[in-house]
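User: I would like to go through this structure with you, starting with its charged side chains. Could you take my questions one at a time?

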Amino acid sequence: MGSITTDTSAPTSADGKSTSSTTVPPFSYYANAQSEFKPPLIANNNAFLGDVFSSDRTTNPISAGFYRLAPGPELIYTYTYDEMKILLEGDMQISQLKDANGEDVVKEEVEAKKGDTFFFPKGAVVRFRTREGGLAWYCGQRARDGA
């Protein structure tokens, strides 16, 4: 993982005067993350999740990384934050069991394939399964390692 140094000086207007009293931190970069980042085991013997990047904000933090599910036991997860997920490779069968109010919903199971994108609201209870294994990228409104 590497960081690219950028100009962190305050933005300026066309006349060269500063338009802000704060500086912008450099952005971060992880080359080939989809193939090289190995998320740690989080549940059962087949569910792996790891934050690649997280903001350092105490208010409205955000984290993003990879979720890998190998064939085996299903994972039932209760979201304590809002999250978006996109399936990058493989397959996943995803269904919502409870809504954000804790009410049973047992929605139809989605047969997720590469490119499918999901939004999981805070409070939702979601079931993840796979036949062949799958890899997804996620972005959640939470602090690092807060899943």
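User: Which residue does the side chain of glutamate 74 meet in a salt bridge?

Analyst: In this predicted model, the partner of glutamate 74 is arginine 129, with an N to O distance of 3.9 Å.

User: Where do glutamate 74 and arginine 129 lie in the chain?

Analyst: Glutamate 74 is in the loop between strand S5 (63–69) and strand S6 (75–78), while arginine 129 belongs to strand S11 (residues 125–129). The two are 55 residues apart, and the pair links distant parts of the chain.

User: Is glutamate 74 buried, partly exposed or exposed? And what about arginine 129?

Analyst: Glutamate 74 has a relative accessible area of 33%, so it counts as partly exposed. Arginine 129, at 31% relative accessibility, is also partly exposed.

User: What does glutamate 109 pair with?

Analyst: The side chain of glutamate 109 forms a salt bridge with arginine 129, at 2.5 Å from N to O. Because glutamate 109 sits in the loop between strand S8 (92–98) and strand S9 (110–112) and arginine 129 in strand S11, this pair ties together parts that are 20 residues apart in sequence. Glutamate 109 is partly exposed, at 30% relative accessibility. Through shared partners, Glu74, Glu109 and Arg129 are joined into one network of salt bridges.

User: How many salt bridges are there by this rule?

Analyst: The count comes to eight. One of them joins the side chains of lysine 98 and aspartate 104, at 2.5 Å from N to O. Lysine 98 is partly exposed, with a relative accessible area of 30%, whereas aspartate 104 is exposed at 59%.

User: Switching to aspartate 51: buried or exposed?

Analyst: Aspartate 51 has 7% relative accessibility; the cut-off for buried is under 20%, so aspartate 51 counts as buried. This residue lies in strand S4 (residues 47–54).

User: What does its side chain make a polar contact with?

Analyst: The side chain of aspartate 51 makes a polar contact with that of tyrosine 138, at 2.5 Å. Beyond neighbours within four places in sequence, the residues in contact with aspartate 51 include Phe37, Ser63, Arg142 and Asp145.

User: And the sheet, in what order do its strands come?

Analyst: Six strands make up an open sheet, ordered S3-S4-S5-S12-S7-S10, with antiparallel pairing. Strand S3 (41–43) and strand S10 (117–120) are the edge strands, each pairing on one side only. From one strand to the next, the twist averages 30°.

User: How many bridges join S7 to S10?

Analyst: Four bridges join strand S7 (residues 83–90) to S10, and these strands run antiparallel. Glutamate 83 has phenylalanine 120 as its bridge partner in S10.

Technical notes:
Residues are numbered from 1 along each chain as its sequence is written. This is a predicted model: local features need pLDDT of at least 70, side-chain atom pairs count only at pLDDT 80 or more; totals for chains, interfaces and linings use all residues. Side-chain values use heavy atoms; hydrogens and water are left out. Two strands pair if DSSP finds at least two bridges between them. Axes are lines fitted to C-alpha atoms, for helices over the stretch in contact, and angles run from 0 to 180 degrees between N-to-C directions. Buried means under 20% relative accessible area, exposed over 50%, partly exposed in between (1.4 Å probe, protein chains only). A polar contact is a pair of N or O atoms within 3.5 Å; within protein, one must be able to donate a hydrogen and the other to accept it, and residues adjacent in sequence count only if both atoms are side-chain atoms. Contact means heavy atoms within 4.5 Å. A salt bridge is a side-chain nitrogen of Lys or Arg within 4 Å of a carboxyl oxygen of Asp or Glu.
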